[in-house]
Amino acid sequence: QLQASGGGSVQAGGSLRLSCAASERILNFIRMGWYRQAPGKQRELVAAIVLAGGTNYADSVKGRFTISRDNAKNTVYLEMNSLKAEDTAVYYCNALRVNYAGIWGQGTLVTVSS
C-alpha cells in the first residue's frame, strides 16, 4: 500500500515536496515513480527511481524536479521547484514489483496558480 501526501496550492515559481510512504520495504520494488494526470489529459510519468538508484525524468520537469528515496523510512519523495501552471495535476505514486505487478497510491492534488 502506498500513501501519497504533500500536495497543495502554490504560486508559480514556488516549491512543494511530495511524499510516498510504503507499507512495506521499498527495496522490494524494482522501481518507484511519480505520475501525474491533468484534467482532460492522460496520466504521464514524471519521475522514477530504480532499485540501483538511477533516476529518469520527463523532459518537462528536468532541472526542476528531483526524485529521491529514504530506504529507512520506506518513503519516496518528489521535490518540485520552480513550479509552473502546467504542473497542475493530480500526482500519483507508483511502485513496480519484480514480477512487474504495479501498485498505485491515491492521488495528491497539486495546483499552481500563475
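Trainee: What should I know about the model before we start?

Mentor: The model is predicted, so local features need pLDDT of at least 70, side-chain atom pairs count only at pLDDT 80 or more, and totals for chains, interfaces and linings use all residues. Residues are numbered from 1 along each chain as its sequence is written, and side-chain values use heavy atoms, with hydrogens and water left out.

Trainee: Ok, the sheet. In what order do the four strands come?

Mentor: The order is S1-S3-S8-S7, in an open sheet with antiparallel pairing. Strands are DSSP runs of E with at least two residues, numbered from the N terminus, and two strands pair if DSSP finds at least two bridges between them.

Trainee: Which ones are the edge strands?

Mentor: S1 (2–5) and S7 (65–70), each of which pairs on one side only. From one strand to the next the twist averages 15 degrees, with axes as lines fitted to C-alpha atoms and angles running from 0 to 180 degrees between N-to-C directions.

Trainee: How many bridges join S7 to S8?

Mentor: Six, and S8 covers residues 75–80. Within that pairing, Asp-70 stands opposite Thr-75.

Trainee: What about Asn-74, is it buried or exposed?

Mentor: Asn-74 sits in the loop between S7 and S8. Its relative accessibility is 18%, so it counts as buried. The cut-offs are under 20% relative accessible area for buried, over 50% for exposed and partly exposed in between, with a 1.4 Å probe and protein chains only.

Trainee: What does its side chain reach?

Mentor: The side chain of Asn-74 reaches the backbone nitrogen of Ile-26 at 3.2 Å. Beyond its neighbours within four places in sequence, Asn-74 has contacts (heavy atoms within 4.5 Å) that include Cys-20, Glu-24 and Arg-25.

Trainee: Change of topic. What is in the largest nonpolar core?

Mentor: That core has 29 residues, and those with the most contacts inside it include Trp-34, Phe-65 and Tyr-91. A nonpolar core here is a set of buried Ala, Val, Leu, Ile, Met, Phe, Trp, Tyr and Cys residues joined through side-chain atoms within 4.5 Å. Among the strands that each supply at least two residues are S4 (29–37), S5 (44–50) and S11 (108–113).

Trainee: What does Phe-65 touch?

Mentor: Leaving out residues up to four places away in sequence, its partners include Arg-36, Val-46, Tyr-57 and Tyr-91.

Trainee: Back to S9. Why is it called largely enclosed?

Mentor: Because seven of its nine residues are buried.

Trainee: And which strands does it pair with?

Mentor: S4 pairs with S9 over eight bridges, antiparallel, and Gln-37 stands opposite Val-90. S11 also pairs with S9 in the antiparallel sense, over three bridges. There, Ala-89 is opposite Val-110. S10 (residues 102–104) is another antiparallel partner of S9, again with three bridges.

Trainee: How many residues lie between S9 and S10?

Mentor: Four, in a hairpin where Tyr-100 in the turn has a positive phi of about 70 degrees.

Definitions and conventions. A polar contact is a pair of N or O atoms within 3.5 Å; within protein, one must be able to donate a hydrogen and the other to accept it, and residues adjacent in sequence count only if both atoms are side-chain atoms.
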